[in-house]
Protein chains: 2
Amino acid sequence: MIPERGFPQIEFEQRLEKAQQLMNDSNLDVLFFCSEAEVRYFTGFLTQFWQSPTRPWFLCIPQKGNPVAVIPEIGADCMGRTWIEDIRTWSSPHPEDDGISLIQKTLEEFSGSSKTIGMPMGVESVLRMPLTDFVTLQEQMKGFHFRDATPLIRQLRMIKSEREIEKISHVCQMVSNVFESLPEWIFEEPTETDVFRRFKMECLQQGVDDVSYLVGGAGPGGYSDIISPPSGKKITPGDVLILDTGCVFDGYFCDFDRNYALEHADDAVRKAYRVVYQATEAGFEAAVVGNTTADVFQAMNQVLESNGAKGGQVGRMGHGLGMQLTEWPSNAPFDHTMMEPGMVLTLEPGMQFSGNKLMVHEENLVIREDGPEMITRRASAELPVICR
Amino acid sequence: MIPERGFPQIEFEQRLEKAQQLMNDSNLDVLFFCSEAEVRYFTGFLTQFWQSPTRPWFLCIPQKGNPVAVIPEIGADCMGRTWIEDIRTWSSPHPEDDGISLIQKTLEEFSGSSKTIGMPMGVESVLRMPLTDFVTLQEQMKGFHFRDATPLIRQLRMIKSEREIEKISHVCQMVSNVFESLPEWIFEEPTETDVFRRFKMECLQQGVDDVSYLVGGAGPGGYSDIISPPSGKKITPGDVLILDTGCVFDGYFCDFDRNYALEHADDAVRKAYRVVYQATEAGFEAAVVGNTTADVFQAMNQVLESNGAKGGQVGRMGHGLGMQLTEWPSNAPFDHTMMEPGMVLTLEPGMQFSGNKLMVHEENLVIREDGPEMITRRASAELPVICR
């Protein structure tokens, strides 16, 4: 069953209601957003047009009432098909005043007596507007307080609705199909570049909207880099190949990987695979309500360390997942986020072996009241060796 | 001929030399970057890993000497394969100090007596790091001056090398092939969603690395929105379809569109097509050294207005093109950028007709000493009507 695209209005009303409760708790009069994920979260505004850095896009969430979009005129038609009714536009680009006076007026309209504006400023946030324009806005709004609302928006987006989970699960299943079919076609593709291209086409054929993220590579007995585009290198017997992909369905991501050996594999890489597989199992068992993301990290790390693994270079072993390839929280020693039902996480343990070789696994799961639910189809327990 | 991937070191040395000349002219001691395009421009660091918002990435360009990368450890291997030798890493994510003390130390090391740091803060720039971290950096570096270097980096990136032009031209040619083949397969695809998917697969088959951007839609007698993802709507005789795509080869974009009518077309849309085609011709003729981007805009706009066209909602009629889907400058009344050889531009005139219907054309060209060179294969002069 292909999930319905978009969301019913009730989904956005619920997000808004929760946001306004948290705003009330934090004494924020208005929330101010200029980033794709947040604008889409509250409006449903879905477009690849964000790839053009030319125009800023703004959204205000007042303490009472519905969201107000302050956007370039070119987006009015597309935003007009969302549930948003108050859409204020200007002709953009307009370097001398690219929406700044309009967003100022709107923020002032909704700032109450405490004149307090919340916006994401913390970890994992970016300022998707020119810094000089933001400084100008602050200067023109003396007496108003711009405060960090990262914890608020993080808390909201971290817990997914069943409708969101359905979309993420759907893309996980489609990509699981592709990973499972890879042994049937890989020998038709001579180079890494060809394998990547074929993988993308197979994902599209399965029904994903976009293969937004595909990294990995192959090397004899193992790989040493997991963030690169494909090299032109020929795929060779003895290579170990990893593909790590973030495919998208209706604006929601999967993020998982699979490892394969070609024709034969040595004991070192087979063992590394088993260790990281076991670490993933341990992480899965620890991903229960009552534990923290640090607990999940420690569960995985303990398996790795007790097998003599050196730490990886990744700094964490998985993360939140949803509207972005990676989201808050992190499975990391510093992150003590409590597991809550509806959180979607990746488990991503990794280790070094035989010098600088890497072995990384990744699965996606949903936290449920009665335990975690894996939404990727679990990798095989032993390193798959693909033979012609 | 498929262009070679990457660049020889001389390409980066030339970019650096020009940057350092401009830094000297502007009295900047060091340039500070945290955005994908700028980091890649000076280093060749190409990865989709930027899609994860978790980690910041930094680059310093000193007034003398080679660039210094200050990056998360996970990127060390990938950055190590570029020409950059001074790579400083920290274990990220690390919320309490995510590279801030390391970038501070590096900036201080290269700030000369005037302690002046340039960074992009102006139009079309974003701050791809947490705002609170940037504020902390500024506070910890009292006495240092952070200045807007948008004009500097814009001037550099705006003029493409022949190696860059070769990559952009290559992707334009591949996508031209796909647009020209569309009439052969479109009736195999029942809905807009299917057409989009097939188009992406055809582009990958041609050899593009990614179809990063594909928007458009179809409507009876014309379309009214050019930034949306596909609807599930059935393609129907009488529809006018636009597809506008930014495909990527080795990190360089094309950005152009094509219009098609299905089975039949009325006079209004045929006429709108002819007018916008003529506007593109006029823009092409005006895209010569000595003219400005405003002149190119006026040339196109004059054709539209003399045919009674109402202005579009786009705010400009084309833009720079290269490492990003859209780059500086804009073909707009406010933009008086002089045409220079090596600039790659889109021409993108558009008009409204029959109420709220839109007609938009787009082509890509290179400015040459002796006149513009079109690098897309020109759209047909009359609206193509595709029949079964």
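Modeller: This is a predicted model. A detail to start with is the hairpin that joins S16(A) to S17(A) through 2 residues.

Colleague: In which sense do S16(A) and S17(A) pair, and over how many bridges?

Modeller: S16(A) covers residues 363-368 and S17(A) covers residues 371-374. Within this pair, Ile367(A) stands opposite Pro372(A). The pairing is antiparallel, over 4 bridges.

Colleague: Does the radius of gyration of chain A agree or disagree with that of a compact globule?

Modeller: The C-alpha trace of chain A spans about 70 × 40 × 40 Å along its principal axes. For 388 residues, a compact globule would have a radius of gyration near 21 Å. Chain A has 23 Å, which agrees.

Colleague: What percentage of the residues in chain A is buried?

Modeller: Chain A has 10 helices and 18 strands. Among its contacts between residues at least 6 apart in sequence, 70% join residues at least 24 apart. Of the 388 residues in chain A, the buried share is 53%.

Colleague: Which elements do the buried residues of H6(A) pack against?

Modeller: H6(A) runs over residues 150-158, and its buried residues are Thr150(A), Leu152(A) and Ile153(A). These lie on the same side of H6(A), because they cover an arc of only 165 degrees around the axis. The elements packed against them are helix H1 (9-25), helix H2 (36-43), strand S5 (116-119) and strand S6 (145-148) of chain A.

Colleague: Is Ser169(B) buried or exposed?

Modeller: Ser169(B) is found in helix H7 (residues 162-185) of chain B. Tyr252(B) is 83 residues away from Ser169(B) in sequence, with 9.4 Å between their C-alpha atoms. Ser169(B) has 22 C-beta neighbours inside 10 Å, and the cut-off is 20 or more, so Ser169(B) counts as buried.

Colleague: Is Glu263(A) buried or partly exposed?

Modeller: Glu263(A) is found in the loop between strand S10 (256-262) and helix H9 (267-286) of chain A. Its phi is positive, about 75 degrees, although Glu263(A) is not a glycine. With 13 C-beta neighbours inside 10 Å, Glu263(A) counts as partly exposed.

Colleague: Where is the other positive phi, that of Asp250(B), and is Asp250(B) buried or exposed?

Modeller: Phi of Asp250(B) is near 50 degrees. The residue is found in the loop between strand S8 (239-249) and strand S9 (252-253) of chain B. Since 20 other C-beta atoms lie within 10 Å, Asp250(B) is buried.

Colleague: What is omega for the cis peptide bond between Trp328(B) and Pro329(B)?

Modeller: Most peptide bonds are trans. Pro329(B) is found in strand S12 (residues 327-330) of chain B. For the cis bond that joins Trp328(B) to Pro329(B), omega is about 0 degrees.

Colleague: Which kind of axis relates the two copies?

Modeller: Chain B can be laid on chain A with an RMSD of 0.0 Å by a turn of 180 degrees and a shift of 0.0 Å along the axis. The two copies are therefore related as by a two-fold rotation axis.

Colleague: Which residue of chain B comes closest to the rotation axis?

Modeller: The same surface serves both copies, as 100% of the contact residues of chain B recur in chain A. The distance to the axis is 2.5 Å, taken at C-alpha, and the residue is Leu127(B).

Colleague: Which element gives the most to the side of chain B that touches chain A?

Modeller: The contact takes 59 residues from chain B and 59 residues from chain A. Helix H3 (76-80), helix H5 (131-140), helix H8 (192-206) and strand S7 (210-220) of chain B each supply at least two residues of this side of chain B. The element that gives the most, with 4 residues, is H8(B).

How values were computed
Residues are numbered from 1 along each chain as its sequence is written. Chains are lettered from A and ligands numbered from 1 in the order in which they are written. This is a predicted model: local features need pLDDT of at least 70, side-chain atom pairs count only at pLDDT 80 or more; totals for chains, interfaces and linings use all residues. Two residues are in contact if their C-beta atoms, placed from the backbone, lie within 7 Å. A residue is buried if 20 or more other C-beta atoms lie within 10 Å of its own, exposed if 12 or fewer, and partly exposed in between; C-beta atoms are placed from the backbone. The arc is that of the directions from the helix axis to the C-beta atoms. The radius of gyration is taken over C-alpha atoms; the globule rule is 2.2 Å times the number of residues to the power 0.38. Copies are superposed by least squares on the C-alpha atoms of residues with pLDDT of at least 70 in both. Two strands pair if DSSP finds at least two bridges between them.
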